Amino acid sequence: MSNVPENAPQHCPGTQSEDAGKASACAGCPNQNVCASGVPAGPDPAIQLIKERLSNVKHKILILSGKGGVGKSTVTSLLGHALAARKPDANVGILDADICGPSQPRVLGVRGEQVHNSGSGWSPVYVTDNLSVMSIGFLLASPDDAVIWRGPKKNGMIKQFLSEVDWGDLDYLLIDTPPGTSDEHLSAAQYLSAAGLSGALVVTTPQEVALLDVRKELHFCRKLGLPVLGVLENMSVFVCPNCNSRSEIFPATTGGARAMCAELGAALVGRLPLDPALARAADTGRDPLAPLADLPASPAVRALHDIADKIVAICEKTSS
């Protein structure tokens, strides 16, 4: 029977197969080059390097979504702001692992910033005194440049980000991933396997077309043994800022995230209302939680703070 590397993709032919590293299932696998060369596969040395690099990061959280357009990157930035505002002495980092669609520089208001490299590694870009971000968007000549890479090159970039960015001491590292269950997710899970990954936060919207893909995301996490911290339902309702009436822009015809979580045994960490002011803040790169923001008491901001408190409680419980 062929030996199958740990965290190998589904339908892996195994290291002793003649198709090792050459089959279609091998495309994008971090072990592809080793298997194709005939050298016995062993632990990737980058895993230990990443473990050492992230040893000063207390909680590492993957932000996942099965479907695009559910606001995962916006939620990541908002959660980063909320965690940083919750305790001024807590340090929060955001790693933009969406290689082909990096949006964190824009939503965090740091487009055009430069990444500096020193003997200790790459320095992340600071949004506030206790919130920093790293993204491939800082390395592109223009925001309009397309990143047209195959899986192995994207995997290499994620490995480089995890092993070479000097975050310093962090309380939370939020890793914003692209939609789906593909190369970037497998690489992140593999490289963080020994680094004490806290788990995944899965983002969805209420309608069934989004929940169908989120179910796949939850099964993906279970197959990899990746703990699920919970599910966050974004754009749950629209609360009119003038009359406070509530409208379901995306109707939860099957019960939304709450019913899905009850069915699959996942925790619902919160429901974030749809707020146009949050969308404007993301487009302009403003901090919606800043003291001078125009929505400090909106239902969306109150829900965001509640979600941040739940994430903190879950992380502290799992690490104790």
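In the predicted model, helix α6 (residues 183-191) packs against helix α7 (residues 208-224) at an angle of about 35 degrees, and their axes are 12 Å apart; axes are lines fitted to C-alpha atoms, for helices over the stretch in contact, and angles run from 0 to 180 degrees between N-to-C directions. The crossing of α6 and α7 is right-handed, that is, the near helix is turned clockwise from the far one by less than a right angle. H185, L186 and A189 of α6 meet E217, F220 and L224 of α7, contact being heavy atoms within 4.5 Å. Of these contact residues, 4 are nonpolar, 1 is polar and 1 is charged. Helices (H or I, at least four residues) and strands (E, at least two) are DSSP runs, numbered from the N terminus.

Helix α3 (residues 72-86) has 15 residues and, at 1.5 Å a residue, should span 21 Å, which agrees with the 21 Å between its end C-alpha atoms; the expected span is 1.5 Å times one less than the number of residues. Because 12 of the 15 residues of α3 are buried, this helix is largely enclosed by the rest of the structure. Buried denotes under 20% relative accessible area, exposed over 50%, and partly exposed in between (1.4 Å probe, protein chains only). Among the buried residues of α3 are V75, L78, L79 and L83.

The unreviewed UniProt entry annotates C240 and C243 as "binding site"; such annotations may be inferred rather than shown by experiment. C240 lies in the loop between β9 (228-239) and β10 (246-247), and C243 is found in the loop between β9 and β10. C240 counts as buried because its relative accessibility is 15%.

Residues are numbered from 1 along each chain as its sequence is written, and side-chain values use heavy atoms, with hydrogens and water left out. As the model is predicted, local features need pLDDT of at least 70 and side-chain atom pairs count only at pLDDT 80 or more, whereas totals for chains, interfaces and linings use all residues.

Definitions and conventions
Ala, Val, Leu, Ile, Met, Phe, Trp, Tyr, Cys and Pro count as nonpolar, Asp, Glu, Lys and Arg as charged, and the others, Gly among them, as polar.
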